[in-house]
Amino acid sequence: MGRKVTVATCSLNQWALDFDGNVLRILKSIEIAKASGAKYRLGPELEICGYGCADHFYESDTLLHCFQVLKQLLESPVTQDIICDVGMPVMHHNVRYNCRVLFLNKKILLIRPKMLLANHGNNREFRWFSAWSQPRHIEEYFLPRMIQDVTGQVTVPFGDAVLSTKDTCIGSEICAELWNARSPHVDMGLDGVEIFTNSSASYHELRKADQRVNLVKSATTKSGGIYLFANQKGCDGDRLYYDGCSMIAINGDIVAQGKQFSLDDVEVITATLDLEDVRSYRGERCHPHMYEHKPYQRIKVDFSLSDCKDIFLPTHQLVEWVFHSPEEEIRCSSLHSSRSEAGFLLPLSGGVDSSSSACIVYSMCVQVCQAVRDGNAQVLEDVQRLVCDASYRPEEPREMCGRLFTTCYMASENSSEDTRNRAKELAAQIGSNHLNINIDMAVKGMLGIFSMVMGKWPKFRVNGGSSRENLALQNVQARVRMILAYLFAQLCLWAQGKPGGLLVLGSANVDESLTGYFTKYDCSSADINPIGGVSKMDLKRFLQYCAEHFRLTALKSVLAAPPTAELEPLTEGQVSQTDEADMGMTYSELSVIGRLRKISKCGAYSMFCKLIHSWRETCSPSQVAAKVKHFFKMYSVNRHKMTTVTPSYHAESYGPDDNRFDLRPFLYNTRWSWQFRCIDHETCEAPQHLSELPLMPCNYI
């Protein structure tokens, strides 16, 4: 019949500038695709050099090494008899473009530059690349001599075109083009393109996966077609984590699904699909003569994706996509982006935040043990390297946790027995090496140095000290803990006669970062912070999930306890200081404010205008005004802390990360005089009783 095509897409764990590793993973994916009968293989965006090269894209070396890798791919027998679609930067007329290079049997068919660049959230593609601004236009691209020697071609087509094989037509999209209001697949479909491909580096955010799936389904629901989506996986060297989720769809249905958060470096999915299904679908729904559009230039390819003897070849059936819950996403993603020398060390306080970091490490051990049982040789090799034992085989998560993970409770005279016991119990249940460290001697030594120089000894507020003394005494405890954490991380294994050092883990959540409710350079400062992009509310739900899923009963008391830093003296042995009282708002309120600030792009005045309605049941307008003012005061006073905050993977759409995602000043006039006057004006005019506020309108269907 000659109408059934087998196509492949993949997710690769590529690293920025790791050309040796990247080319091996690309070749392996092509080999797997061919073994499955595929005649077309699609890879992730910029897979040759890695997506996160950042300002390395400016370097001519990066472009040179990409062409050297391309030469190796062209010459490899693995790439014969399959259309290969790989990603790399290309300079054309002295302009850098983010491109797809499509080749077959040592001939480059097309270099397709990205037309719609990603320039929001964590993406800054306009910094390094230009968008191809000539739709349906191609030019001649003069190949480097090293490529000419392999292909025998001097020039190849460069621009917006489609491939026309003997049996079908293939068109390319690149990442953000799928998300755009004017996605190229719309016009390509109207011009008869039957197979759409999208190479992406779409980073993970909590609750984001369904957006990708819906976009891919929608792309072929309207006018039919086959859609291949490839995505990067893992961390390529920055704060972003790529979660895979490659997929293949036809006529609005998903027929092949890649894993999310897979530990495999190379994952290839294939599907065999009937082109007649596309043609039948379009025959009823698609009427291109009703629209004016300029036809695409077709690059003719003397090659077929189908076989004339395919009548007995079965086609793939639709699959139902099962999405992870946010708790499962936190469990699976948060430590995949770290590379440790010999394990991890975490200051474990017995609170929600540090317990969440501990549970993420334990969850990683669960995943690794499962991957080893499933025969993942790469994961086993990585674990053996970490423990410096080529014969080691992890069988049980608690045992592996004991090999890799050290926790330490750093007690002071202000610490309670409750938090000490919670930390000890959780450490016992996950199997970590747990240390009890008393920091009072170090704290008194620091204060003794100050007293010897200045002749005064500071006091806590409850003992008659001032606010400045009180804060300084809290901060010295927090900072001593950071110093001790690094000391033990460097020397723990040495003291045990083992090689290597430990990676220090932090535990400050995204909500605390918003208001700067942490000490600069305290034990939230670390090598990496697994929860730095996650909200307090999500962390509580995550711990509830871990308590049930892993049977970690110690987490029940952690969740029941009020959040506290335990930096002020106890009152009759009980904690008197709580985080929410210190912050002046609850974590739930802070999460709402954070979303309004970042996602809804609210300044102080517009935030007040929204909250007087959404908080009408609990707060009067004047109370809302006080909370908004307090937040912006604290936010601006402490914003400087974000310039030194521990790196964490990006997980939350309202994260305050100063590195790339949340580009705002770190020095402010903290009075916000104009903004607060606008709020005061509205507060004076507003009724102060809830019953006097107008009800929100209701829409009836």
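In which hand, left or right, does α1 pass α2 at their crossing? The close-ups below, all taken from a predicted model, start with that pair.

**View 1. Helices α1 and α2 cross.** The crossing of α1 past α2 is right-handed. From α1, the contact draws on Phe 19, Val 23, Ile 26 and Leu 27, while α2 supplies Thr 62, His 65, Cys 66, Val 69, Gln 72 and Leu 73. Sorted by type, these contact residues comprise seven nonpolar, three polar and no charged.

**View 2. Gln 14, a buried loop residue.** Look for Gln 14 in the loop between β1 (4–12) and α1. Its relative accessibility is 0%, so Gln 14 counts as buried. Leaving aside residues up to four places away in sequence, Gln 14 touches Asn 22, Arg 25, Ile 26, Glu 47, Gln 232, Lys 233, Cys 235 and Asp 236.

**View 3. The largest nonpolar core.** This core holds 55 residues, and those touching the most other members are Met 400, Phe 405, Ile 430, Cys 546, Leu 552 and Leu 555. Helix α10 (residues 352–373) is the biggest contributor, giving 13 residues. A separate, second core has 51 residues, among them Ala 8, Val 156, Ala 201 and Val 268. As background, nonpolar side chains tend to be buried together in soluble globular proteins.

**View 4. Around Phe 405.** Here are the partners of Phe 405, not counting residues up to four places away in sequence: Phe 344, Leu 346, Ala 358, Val 361, Ile 430, Ser 432, Asn 433 and Leu 505.

Notes: Residues are numbered from 1 along each chain as its sequence is written. This is a predicted model: local features need pLDDT of at least 70, side-chain atom pairs count only at pLDDT 80 or more; totals for chains, interfaces and linings use all residues. Side-chain values use heavy atoms; hydrogens and water are left out. A crossing is left-handed if the near helix is turned anticlockwise from the far one by less than a right angle, and right-handed if clockwise. Helices (H or I, at least four residues) and strands (E, at least two) are DSSP runs, numbered from the N terminus. Contact means heavy atoms within 4.5 Å. Ala, Val, Leu, Ile, Met, Phe, Trp, Tyr, Cys and Pro count as nonpolar, Asp, Glu, Lys and Arg as charged, and the others, Gly among them, as polar. A nonpolar core is a set of buried Ala, Val, Leu, Ile, Met, Phe, Trp, Tyr and Cys residues joined through side-chain atoms within 4.5 Å. Buried means under 20% relative accessible area, exposed over 50%, partly exposed in between (1.4 Å probe, protein chains only).
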